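Keep the viewer open as you read.

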Amino acid sequence: MKLSQFKFKLPEAQIALEPPHRAFKNEDGTVEKVYQRDACRLMVVHRKGQTIDMYKKGADGKDTGEYLGFRDAISYFDEGDVFVFNDTKVFPARLYGTKEKTDAKIEVFLLRELNEELRLWDVLVEPARKIRIGNKLFFDGDGPMVAEVIDNTTSRGRTLRFLYDCPHDEFKRELFALGESPLPRYIIDRRPATPDDMENFQTIFAKNEGAVTAPSSGIHFSREMMKMMEIRGINFSYITVHCGLGNFEPIEVEDLTKHKMNSEQMIISKEACDVVNEAKSNGRRVCAVGVSTVRATETAVGTDGLLKEYDGWTNKFIFPPYDFGMTNSMIANFYHPESTMMMTTAAFGGYEIVYEAYRLAVKNGYMFGCYGDALLIVDD
């Protein structure tokens, strides 16, 4: 398929800058916000029937005109079905420092630690033209955190050596204390990050640190909702995919077969496989929560249609047409035009019906992006 087939006009007002919340005004005039992870809207695509649900049903089976909420997703699943979650943990990857001598403000985005002993990190810097090998960057004013640029990796990429002499755990703690939540640029360019984002831009089941962006479809799940799922008899399987910035990189080729995805580290344990494969063997639904989970399970699925243990990297780019071998349902967000996430969603649900869902989402004011509304695709 072609890049231009995933183009549509997204109104600025429909880019979600915060999760769903209620705002209360205090007596002193300050505003307090109570965030509700599972309070977003839900749209449901039936990929075989080629139909779309937007509204709750009444006793007569007809639409009530009330939009589906995210918790309504539970009603599409039964006892023995499995949800596959990505339990990666986002770390505070965006830092701000100053360049030696000039005091120019520099944004440093941590990607991954290259060498624990030498304190080497792979990073992105802005503005990149000002940062050269040998430059020193200072963080926290006159504090002790200093980094030296020792290599250029890409046009914006650099290797930094942090000059901080202490045990590694203490170094990581001090470094992360200087950072903020790594919100996508489409949010951070419109508002600053807040302390609330470190909790909101993280799933409640986050466990294994290493992501520089959240597995956004998992953000919607609250503890209350997951308890309701347990009561219904739905099982959970946890895999780890350390989400990187590759999903946000613009595609610069019209022919999608020529686009190369950045690699992401992923780990799938035997325990995770056992839960998924038992459900598959029993003919139950297996729901992948998010694009990162879909890409990982498709990387690790065997020719027998069962999930295999995996510890490595994946650069799998999924776009239509694609024959899925693992999961038979999926939860996604509504993503930006021409994004790789939208393409994977369209591959899973079918291009025409997913594009129609996006058209309806824009028409009916659904919110887009990591803090936006959700799309469930089921195999019926």
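Start with helix 6, which is mostly covered: 9 of its 10 residues are buried. Bear in mind that you're looking at a predicted model. The buried residues here are Val291, Ser292, Thr293, Val294, Arg295, Ala296, Thr297, Glu298 and Ala300.

Now hop over to Lys316, which sits in the loop between strand 19 (310-314) and strand 20 (329-333). Setting aside neighbours within four places in sequence, Lys316 is in contact with Met261, Arg295, Glu298, Thr299 and Tyr322. For a sense of distance, Phe348 lies 32 residues from Lys316 in sequence, and their C-alpha atoms are 14 Å apart.

The largest nonpolar core has 53 residues, and the ones touching the most other members are Met43, Phe201, Leu256, Phe334, Met343 and Tyr358. Elements giving two or more residues to this core include helix 6, strand 20, helix 7 (340-349) and helix 8 (351-363). Helix 8 provides the largest share, with 7 residues.

Zoom in on Phe201. Not counting residues up to four places away in sequence, Phe201 touches a list of residues including Val90, Pro182, Leu183, Ile219, Cys370 and Tyr371. There's also a second, separate core of 26 residues, with Ile106, Val108, Ala147 and Phe162 among them.

Definitions and conventions
Residues numbered from 1 in each chain as written. Predicted model: local features only at pLDDT ≥ 70, side-chain atom pairs only at ≥ 80, totals over all residues. Heavy atoms only, no water. Helix = DSSP H or I, 4+ residues; strand = E, 2+ residues; numbered from the N terminus. Contact = heavy atoms within 4.5 Å. Core = buried A, V, L, I, M, F, W, Y, C linked by side-chain atoms within 4.5 Å. Buried < 20%, exposed > 50% of the residue type's maximum accessible area, 1.4 Å probe, protein only.
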